[in-house]
Amino acid sequence: MNSATQLLQPALDIDVRLAEMERSVNLLLNVTPVNAAGAWADFERSDFSTVPTLRLRPLGFEPDLVRRELYNLEIENVDDPALHTLLRTKRDEIARQITALEDRDTSRFVQGSLQLYGGVSPSLVSTAEELLAIIPAQSPKAPGVTAGAFAEAARAEMLRYRAVYPDFPVHIDVRDDVSELMVSFGRLLIPEAATFRADRVEALLQHEVGTHVVTYQNGARQPLKLLTIGLPGYDETQEGLAVLAEYLTGGLDPRRLRVLAARVVAVGRMLDGAGFLEIFEALQARYRIPRKTAWIIAIRVVVAGGSVKDAIYLRGVSRLLEAFAEGISLDALLVGKLALDHVPLIQDLLDRGVLRPPWLRPRWLDAPGARERLDRLRAGTSVMDLYEGETAR
C-alpha cells in the first residue's frame, strides 16, 4: 500500500464492504431463469402459443439485514469528495438492486429495472429500427458448438492469458441453472443446454473473456475493489466495450447487430405494455428474427416482471463511439468495471497513484485488423457504420 492509498484507507474499508454486499445480492444471477431449457421445450409442445413460466432461484440473502448494513456504513466520514460521491451512489445502487429483487415477478420490478439501467430514448429505438430495416435477415448457416466444446475453447483462451500473466485464474462452470452465457464475479458461466454458432465462438470469447473477465481481473489488482463488481451504472459501458471487442476482432456480424437492435425494440414494446407472446410474434413477423432467437430475446425482456437491461448494449456502443471520437483513453476503460462518466475520476486516481495502470492487456487489441478498426472508431463512427454489408432491398 502506498502513501496515497493509506490516506484514503477509511474510504477503501467501505469500498471492501460494498463489494462484499453486492456479491451477496448477485443481481445478475438472481434474475436469470433456472428453467429456461425446460420452458423452451414446453413452449414448443404448446405450438408456441402458451406464455412460458420462468422460475427464478430463491434469494440467498436477507434483504433487510443487507439493507441495514448498507446504511450503517459511515460514508459521511469519507473526506475525499470524489470517493464520497462514488461510495454513496454505489450504496444507493445496491439498495435499489435489493428492492428490485424483492419485487421480482410483480409489476413493480420493471420500475426497479428502469432505475438501474435507464429507459429507452426515441433516438435509440429509431437507430434500432433502422438497423433492422437495412440489414437483411439471414438464416443460420454455421454448425453449432456444444456447451462442453465452448468451455474447452474458453479454457484455451484463458490459458493464453495465463501464458503471459501467470497469476491469471481460470474459472469456468458449465451449469444447468443458468439460461445464458455470462460472467459473474470473474467466473464464466455456460448454460449446459446451450449451443453456439461455430463462427461466433471467437467473438463470444473476446466479449466474455477478453472484456468481462479481463476487466474483472484488472479491477481485482486495484485497491478500489468496486472496480471488480462495477462502479455505479457501469453495465452500459461494459457491455458496449464488449460489443466493440467483437467488432475489433471482425466478429460483429450482421446477425449479431440485428439481435442487438431487436433487443431495443423488444424492450420498447415491453415498456409500452406488450406481453411475451406479442413481443415474440412481432420479432418474427415484423423483424424476421429466427424463432429461437426471438424466444431468447423475449424471455430476457419479460423475466422477473420486465427488464430493460438489454437496451444497454446498443446504447453502450453508441455512447462509446462518441467517446472514442472525442479521444477517450482506452487504458482508463480497462482499469476495471466503470461507466464513461467515471473516466475523469479514474484518470485523477491514476494520476495521484491511488490506482495502477491495467494489469492485463486484452488480446482483442492485437487481433488482425484491430488497430485499423480502432483508428476508424477514433476518426468518428456511428452505430450504422458498424454494418459493412449490403443493405436490404
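**Inside the cores**

Modeller: The largest nonpolar core has 113 residues, and Leu-18, Leu-330, Leu-377 and Leu-386 have the most contacts inside it. Such a core is a set of buried Ala, Val, Leu, Ile, Met, Phe, Trp, Tyr and Cys residues joined through side-chain atoms within 4.5 Å; buried means under 20% relative accessible area, exposed over 50%, partly exposed in between (1.4 Å probe, protein chains only). Please keep in mind that this is a predicted model, where local features need pLDDT of at least 70 and side-chain atom pairs count only at pLDDT 80 or more, while totals for chains, interfaces and linings use all residues. Residues are numbered from 1 along each chain as its sequence is written, and side-chain values use heavy atoms, without hydrogens and water.

Helix α13 (residues 254-271) gives the most to this core, with ten residues. Helices (H or I, at least four residues) and strands (E, at least two) are DSSP runs, numbered from the N terminus. Now look at Leu-377: beyond its neighbours within four places in sequence, its contacts (heavy atoms within 4.5 Å) include Leu-244, Tyr-247, Phe-324 and Leu-386. Apart from this core lies another, of 24 residues, with Ala-154, Tyr-161, Val-183 and Val-209 among them.

There is also an open, mixed sheet of three strands, ordered β2-β4-β3. Strands pair if DSSP finds at least two bridges between them. At its edges are β2 (172-175) and β3 (182-184), each pairing on one side only. β2 runs parallel to β4 (residues 187-191), joined by four bridges; in one of them, Asp-173 partners Leu-189 of β4. Helix α9 (residues 147-164) packs on the sheet, touching β2 and β4, while helix α10 (residues 201-220) touches β3 and β4.

Methods. Axes are lines fitted to C-alpha atoms, for helices over the stretch in contact, and angles run from 0 to 180 degrees between N-to-C directions.
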